[in-house]
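This briefing concerns how the chains of a predicted model are related and how they meet.

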Amino acid sequence: MDDKGHYLHQMRATAPLVHNITNFVAMNIMANVLLAVGASPAMVHARAEVAEFAGLSQALTVNIGTLDAPWAEAMEMAAATMAGAGRPWVLDPVGVGATRYRQDVSARLLRLRPTVIRGNASEILALAGLGATGRGADAADPVEAAEAAARDLAHATGGVVAVSGPVDYITDGRAAFRVANGHPLMPRVTALGCSLNGVIAAFLVGQDALPATVAAMAYYGIAGEVAGQAAKGPGGFQSAFLDALYQITPEVLAARAMVTPA
Amino acid sequence: MDDKGHYLHQMRATAPLVHNITNFVAMNIMANVLLAVGASPAMVHARAEVAEFAGLSQALTVNIGTLDAPWAEAMEMAAATMAGAGRPWVLDPVGVGATRYRQDVSARLLRLRPTVIRGNASEILALAGLGATGRGADAADPVEAAEAAARDLAHATGGVVAVSGPVDYITDGRAAFRVANGHPLMPRVTALGCSLNGVIAAFLVGQDALPATVAAMAYYGIAGEVAGQAAKGPGGFQSAFLDALYQITPEVLAARAMVTPA
Amino acid sequence: MDDKGHYLHQMRATAPLVHNITNFVAMNIMANVLLAVGASPAMVHARAEVAEFAGLSQALTVNIGTLDAPWAEAMEMAAATMAGAGRPWVLDPVGVGATRYRQDVSARLLRLRPTVIRGNASEILALAGLGATGRGADAADPVEAAEAAARDLAHATGGVVAVSGPVDYITDGRAAFRVANGHPLMPRVTALGCSLNGVIAAFLVGQDALPATVAAMAYYGIAGEVAGQAAKGPGGFQSAFLDALYQITPEVLAARAMVTPA
């Protein structure tokens, strides 16, 4: 696979405007993550403007964490705009297995063919219709259990599917990769997964989806490793993580990425 | 009273799913607090799913900080689910004395018999119908002024009432305790009170409400003391506070808790 | 111009209740900024109570970042209350140039004569009807390009207009000042501009709007300089920035303010 640092370099040179319709827990940290990596975040959800704003954006993320009816409508409007314009968008089906409502909204969003779907193993299993055991943002299933579901989902949607976990699994239904970068404190800071969606979206602009997603996830995991070196807990970790995203160079990304074909 | 460390140990062993319907200011820090202590937070408020999700949860918190009509409906639906299932829920009547609307919503929620009501002295006085002077999240009244109101409210609801302040007062209407742990920077970080509701909810699972609430509040105050040792201001304090919640062991809690009968 | 430290001293002595109707990204950090400076923040937006709550508040901020129809109505209700009572309110027209909807809502709010309008150059240009190039919270135009627009807008509204940037420009349409304090990491932390609105609002209580706004912006920029001295990136910066706001004395503000007539 090609040089991971290239994708970070290109993303920072572009500083893409990433439009996010995300949950209330993630809003602030996600904007801070996107600013730290060098992208330009915007959060816009009113139905009166969401399609118009999506039209100005280079990428979109949709996250159903704190879902509600008007927000679900806005998600569909923005995703349809991106799909129609051939621009990338990322779907994060938070807690999709927990309620019928989440399943219905996710099914409608899937029809708009997300460029990348990213979730934990339980969410990917639930989204693929396999009845996973997840209850919220936490994963109850191991990544390995969701690999076949990820491939099926990628085939069905024509997009990339990324399963987050201690070792991530990323596939477009044909090729697949594992990313081993990361740190155990990452799941102890809320919305780091949600915020990763924005980084993936920023990396997707003008790039092939599979290698760009792999590069974004390796970069993110390396930032976790750097932050974890000195952190005594999740508070100091969060602060150091933003600093690491800001400081990591394309060269460091290329040198430290732990990516293997799956 | 029994060993405070026991409650922390049990809570971490259970890692309860705590469903929170809280204000927009508190969402992120509350999720981070719950992850740091070892619980599993979820924020869900859509009327289409809120009762179903409450049914999956081991405890619930309701906070009226950034109240609005659809949210107030969701709060009632979720609280009714918990009350019906005999599972614990915590009410935080933020700024209840400030507007007629807050009083009306709080009165409806009180009928659903919260397991624990936690607020500052002004809020507890206002909730007990005594015309307090509070205007927002700040307390204008001292804790002592609200002790009789807290006991009355506990009698009326059959639950525990906790008054937060420099020295907390916690009562079930019969017994009462004071918790002297804490640090003066805690009120300088937003939503630490709101986030405490989640910790109390997590401690309540499978435990008697009064001692579990006392243990949760002592633990929280000790984390404030640890964080305050090195902090130069509220920014560093917030980060150190999350680290302290993560690091404090049951043994440290048992050794440092400053709890006295009232 | 008079002693800048005076305004900080007076604000802390008053500890004004600042009512904020702001975006979801800014809610938490804005409350933390207001607590760190010594004011008392409240976030209230329900139409059932927003005018009543504004009536209890000493100042108001309105920020259209994550706009939606019910929020826009609440903004008008609260601003009308403040305007009718002769109390200060601050408008931040986030991304006003991006969509027609933002322009419409901003035009309605302008009629309620904000005491201070604060934005980046692109937003001030767009608000003055000059067709700026801004797309979101980022400024695509330099501060100098918006000076004439700021003066026009101040004349039209009878208020103060503040253009944020590396060197801020603040005018009431007659006099004008530049504030050179600040740090390059400030735009890398989300919602620091939004949070500044709250500090300005707190400084406005009982003071002339132009010098109070200048003092608030100098204070904020000095806190950025202090925070930037040790920060390795935006994560550590944010934490140090809150500490600096908390620690800076009126004497430090008076000594370090870099304010010149424009």
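**How the copies meet**

- Only 11% of the interface residues of chain A are also interface residues in chain C, so the copies meet through different surfaces.

**Chain A with chain B**

- This contact takes 28 residues from chain A and 27 residues from chain B.
- On the side of chain A that touches chain B, the elements giving two or more residues are α2 (27-37), α5 (100-110) and α10 (234-247) of chain A.
- The element that gives the most to this side is α10(A), with four residues.
- By class, the side of chain A that touches chain B consists of eleven nonpolar, ten polar and seven charged residues.

**Chain A with chain C**

- Here the contact takes 27 residues from chain A and 27 residues from chain C.
- At least two residues of the side of chain A that touches chain C come from each of α2, β2 (40-43), α3 (50-56) and α10 of chain A.
- Again α10(A) gives the most, supplying eight residues to the side of chain A that touches chain C.
- By class, the side of chain A that touches chain C holds 17 nonpolar, seven polar and three charged residues.

How values were computed:
Residues numbered from 1 in each chain as written. Chains lettered and ligands numbered in written order. Predicted model: local features only at pLDDT ≥ 70, side-chain atom pairs only at ≥ 80, totals over all residues. Contact = placed C-beta atoms within 7 Å. Nonpolar A, V, L, I, M, F, W, Y, C, P; charged D, E, K, R; others polar.
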